[in-house]
Amino acid sequence: MVLSNNLMSNEVLKFLFSFIGGLLWYRILFFIAPLYFKRPLTRSVLKLRWHHLHWGIILILVGTIFLLLSGKNGVAIILFGIGLGFTIDLFIPSLQLETDREKELVVYRNSLIPTLFLGALITIAVIILSYLNF
């Protein structure tokens, strides 16, 4: 860790503020606007069990692509921080959720093609963006 005059570097502070903000965002929203969590748009319209864990993973992915292709870490650090905060906020609850293992395995088995498709899209996007000198 880079320290100067006993102060943390700008990058570390950006990450920490972004991480803490991401970690607390949905917890605060849960207490301020609990009705938001009853029937979110992604569940009612798209019929997906979308959680902020998913937003966190997407932000980490975008931050990674941004860092790889632009070489600038300022925006990437903020995206990593928020994304990791969202992800960590659901880490412990996801370990404690009651699930039906047989259903999980069926879903996992049936998700191979969509997962490979998503992986291919991400790979193609990175290749195209790298050729465009993003």
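## Fold and model

The protein has 7 helices and 2 strands, with helices being DSSP runs of H or I of at least four residues and strands runs of E of at least two, numbered from the N terminus. From the N terminus on, these elements follow the order β-β-α-α-α-α-α-α-α.

The model is predicted, and totals for chains, interfaces and linings use all residues, while local features need pLDDT of at least 70 and side-chain atom pairs count only at pLDDT 80 or more. Residues are numbered from 1 along each chain as its sequence is written, and side-chain values use heavy atoms, with hydrogens and water left out.

## Overall dimensions

The radius of gyration, taken over C-alpha atoms, is 18 Å for the protein, whereas a compact globule of 134 residues would have one near 14 Å, by the rule of 2.2 Å times the number of residues to the power 0.38. Along the principal axes, the C-alpha atoms fill a box of roughly 55 × 40 × 25 Å. Of the 134 residues, 16% are buried, that is, under 20% relative accessible area with a 1.4 Å probe and protein chains only.

## Contacts

Among contacts (heavy atoms within 4.5 Å) with a separation of 6 or more, 64% join residues 24 or more positions apart.

## Lining of the largest pocket

A pocket is an open set of points on a 1 Å grid over the protein atoms alone, where a 1.4 Å probe fits, with protein on both sides within 12 Å along at least five of seven lines; lining residues have an atom within 4 Å of a point. The largest pocket is lined by 39 residues, and Arg 49, Trp 50, His 51, Leu 53 and His 54 lie nearest its centre. The largest share of this lining, 7 residues, comes from α3.

Notes:
Buried means under 20% relative accessible area, exposed over 50%, partly exposed in between (1.4 Å probe, protein chains only).
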